[in-house]
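Subject: Structure for your review

Hello,

Here is the structure I said I would pass on. My notes on it follow below.

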Amino acid sequence: MDDARLADEMTLDGIAKQLKEIRADLGAVKSDLGAVKDEMKAGFNASRIRDEELRSLAKLGLEANQGLLETTTARFDVTDKKHGEEISLLKAALRSGTTGRPRRRP
């Protein structure tokens, strides 16, 4: 840098001009940071909403699985009871020798 330019920049007007440029640059940086902050906030809000929706879906799926398990278990219990009764009737019929069919004689 030459002496004349250095002398011009070191005057009060030169320093004031540089400060004005610095303030303008800082204003632009501040504006950019504000935009980044707003974008991050929006992103976090969207993420939180997706997390809540996912949690709700997972809870719904868990409740559906629990309901299905209970229904299936109840149906198996009824079927087991019915089969048990039918087997008992068959055993009783076999013991008594009456199955409803005529017996063959050898």
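How many helices and how many strands does the protein chain have? It has two helices and zero strands. Please keep in mind that this is a predicted model.

Helix α2 covers residues 12–96. It has 85 residues and reaches 124 Å from its first C-alpha to its last, which is close to the 126 Å expected at 1.5 Å a residue. Just after α2 comes Gly-97, with a positive phi of about 80 degrees.

On burial, 2% of the 106 residues in the protein chain count as buried. The chain's accessible surface is about 10300 Å², and carbon and sulfur atoms account for 59% of that surface.

There is also a nonpolar surface patch of about 350 Å², made by Ile-15, Leu-19, Ile-22 and Leu-26. Of these residues, Leu-26 lies in helix α2. Leu-26 has a relative accessible area of 55%, and it is classed as exposed because the cut-off for that is over 50%.

Regards

Conventions. Residues numbered from 1 in each chain as written. Predicted model: local features only at pLDDT ≥ 70, side-chain atom pairs only at ≥ 80, totals over all residues. Heavy atoms only, no water. Patch = residues over 30% accessible without salt bridge, like charges linked within 9 Å, V, L, I, M, F, W, Y side chains within 5 Å. Areas by Shrake-Rupley, 256 points an atom, 1.4 Å probe, with all protein chains shown as cover. Salt bridge = Lys/Arg side-chain N within 4 Å of Asp/Glu carboxyl O. Helix = DSSP H or I, 4+ residues; strand = E, 2+ residues; numbered from the N terminus. Buried < 20%, exposed > 50% of the residue type's maximum accessible area, 1.4 Å probe, protein only. Expected span 1.5 Å × (residues − 1).
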